Amino acid sequence: MAPAVCRTLLGLALYTGSLFAVSGATFLYHDYCIIGAGPAGLQAAYFLQQAGRNYIVFERSHAPGSFFALYPRHRKLISINKQYTGKSNSEFNLRHDWNSLLSHDRRLLFRHYSRDFFPSADTMVRYLEDFASLLKLQVQYNTAIIHVTLEKNEQAWNGHYFLLTDQDRKNYKCSSLLVAAGMWVPNVVNFPGSEYVEGYETVSINPEDFAGQTVLILGRGNSAFETAENILGVTNFIHMVSRSRVRLSWATHYVGDLRAINNGLLDTYQLKSLDGLLEGDLEDLAIVKDKKGKLHITLRFYLENRNISAGIDSITLPQDELDNFATRAPYDRVIRCLGWKFDFSIYNRSLGLMPGKGNIKKYPQIKPSYESRGTQGLFILGTASHSVDFRKSAGGFIHGFRYTTRAVHRLLENRHHGVPWPSTVYPITQLTNSIIKRVNEASGLYQMFSVLADIILLRENATAFEYLEEYPVGVLAELEMQTGRKARNGLFVIIMEYGRNFSGADKDVFYYNRAVGEAQHAWQSNFLHPVIYYYKHLPTERGMKLRPPDWPLPRPDAIHHIVEDFLTDWTAPNAHILPLRRFLENCLSTDLRNFFAESCFLFAFTRQKLPPFCQQGYLRMQGLVGSQELRHHAVQAGLLQDYTHTDLLGDRPPASHDGSQEQLMRDHVIPVRPLQHLVNAKDEL
């Protein structure tokens, strides 16, 4: 459907919605409904409010951030809150602030709420309350949405409205539905004896309750290790069992894997202090309780055709056949720490909101644009949208989804309100500088590596370019439709990537000579670094589907890696900037260097085509602005005489001059000696 038609239908929908309210109809209408006032819901509300849109946020609790009011149970977040970076650039500092939401209010930076590197969850609750109240976001508290369905309607832009019902049977209607309810339903594995298992959400957090006990923990994520860390010093020993091996975040570069702050049990396991880790499928387990209340681990097939209630003496245990069975010792407690999943129960089948497959089955199926695969106008935000980049990037965490939420808002602004994706047009001479600035400052590119990218759209004859920030690369083929911008003359895509063979659970990320320092070997860079893709034409849907495995984008016409940098500071003239500029020049068949006016003057007589800098500057009489530093350089190069000790105004001493040296340069014509030499153009940057 054409964007203009969509906007017309949306206008009719809004008009009809206002009639609902005037006539006192059952349904209260809003253009946008947001379910959940957690970080993602509040972030979406902020962008909608800034744009002046009609929206409402439904929150089941009496305050925002209800998940953080309960979890993590031991109250320490694992999202870093770095107070100091040595830089004052606010965008750069967000790279190391994993808790703040995006807003114009500098008071709402998380560093003003806590100085702890790993802050308390209680601080996050207070922060979210302030975010909602100070920005006056439209949140309707104590409203639990218990059912969502579709109503077919030809006046709606996509042929339907979303109908929502709360716990008091009040009804709401909206054109677009943004689900930001998070992942809060505990993952539960049912097996014989699972009724004896305590859940992470209810188990005691008082270490004294575990004194002298033997504990088995089911799971191997941060919640499991967080629980173990809390009781490590008071238990006899702790065993931990899970289907998969432990994944360390510093090895996988995935922040959802085990963080170092929680991995004390790995020390006690590897340093022979009784605790241990085991691998096994939890669905194959069974738990039998003896007369003393001790819990024995056995295997499900031992219980086939057996009556558990008959007592443990009638049940065969693994140690009866294998006397060194690893979990032969009985346990006092078994704790389930298996994470969370999305609540599908409130969504009617008419929405087509289905679980994913494989290791993302706990998430709803969505497109790379974060829109549901089953229903237009239904978007998943926040933690529940992590299926797009599960185990790849940070989209399931605040420091990632604050940017994907902004991307969704920009898509909606273009789709419904005809507001194109924000962009800035620069002359082609600023191409290198624009890229260097963004890769050194941008937080969205840095946190959502391989998912969000900056797009540079070239103008005709490559005389200028249009810069779009943080666009989802998964829908690159739809760029013109999704952004309202045209890509007719080629484009560059700037993205951040790790080396493809660097990280992983089985990789040694600390091996000798792991870093690459030479620009000619930049393509072998292992650590996070910028990669620039060049396409003569916008990639197609087919090209996106046929892209090489593990590539975020289709094979380009040209590609350039900026060599990794230990300081993540890509400003070295020879290692970073010069190779990038030469790559851009080769793609565009032009010269992107800057020149002094004298060089441009010479080129005007010796070249058929002047470099863009001379065309857009010198020939338009936009020469270099005079300054003391520039004058000093010209004197040293022999291009100007040194008039420091010459009184240009007559007999008055220098101290009596009314203006500064810079003023003199502007007010007086300074005779220039004939050029003694001209710096070779190839040596100029």
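Which residues in helix 2 are buried? I looked this up in a predicted model, where local features need pLDDT of at least 70, side-chain atom pairs count only at pLDDT 80 or more, and totals for chains, interfaces and linings use all residues. Residues are numbered from 1 along each chain as its sequence is written, and side-chain values use heavy atoms, with hydrogens and water left out.

**Helix 2**

I found Pro39, Ala40, Gly41, Leu42, Gln43, Ala44, Ala45, Tyr46, Phe47 and Leu48 buried (under 20% relative accessible area, with exposed over 50% and partly exposed in between; 1.4 Å probe, protein chains only). I noted helix 2 as largely enclosed by the rest of the structure, because 10 of its 12 residues are buried. Helices (H or I, at least four residues) and strands (E, at least two) are DSSP runs, numbered from the N terminus. I checked the span of helix 2, residues 39-50: 17 Å from first C-alpha to last, close to the 16 Å expected at 1.5 Å a residue (1.5 Å times one less than the number of residues). Gly52 follows helix 2 and has a positive phi, near 75 degrees.

**Strand 5**

I then went through residues 160-166, where seven of seven are buried. His160, Phe162, Leu164 and Asp166 lie on one side, and Tyr161, Leu163 and Thr165 on the other. In a regular strand the side chains alternate between the two faces of the sheet.

**Pairing**

I counted two strands as paired if DSSP finds at least two bridges between them. Strand 4 (residues 145-152) runs antiparallel to strand 5, with seven bridges; Ile145 has Asp166 as its bridge partner. Strand 6 (residues 171-179) is also antiparallel to strand 5, with four bridges, and Phe162 is partnered by Cys174. In the hairpin of strands 5 and 6, four residues separate the strands, and I noted a positive phi near 65 degrees at Arg169.
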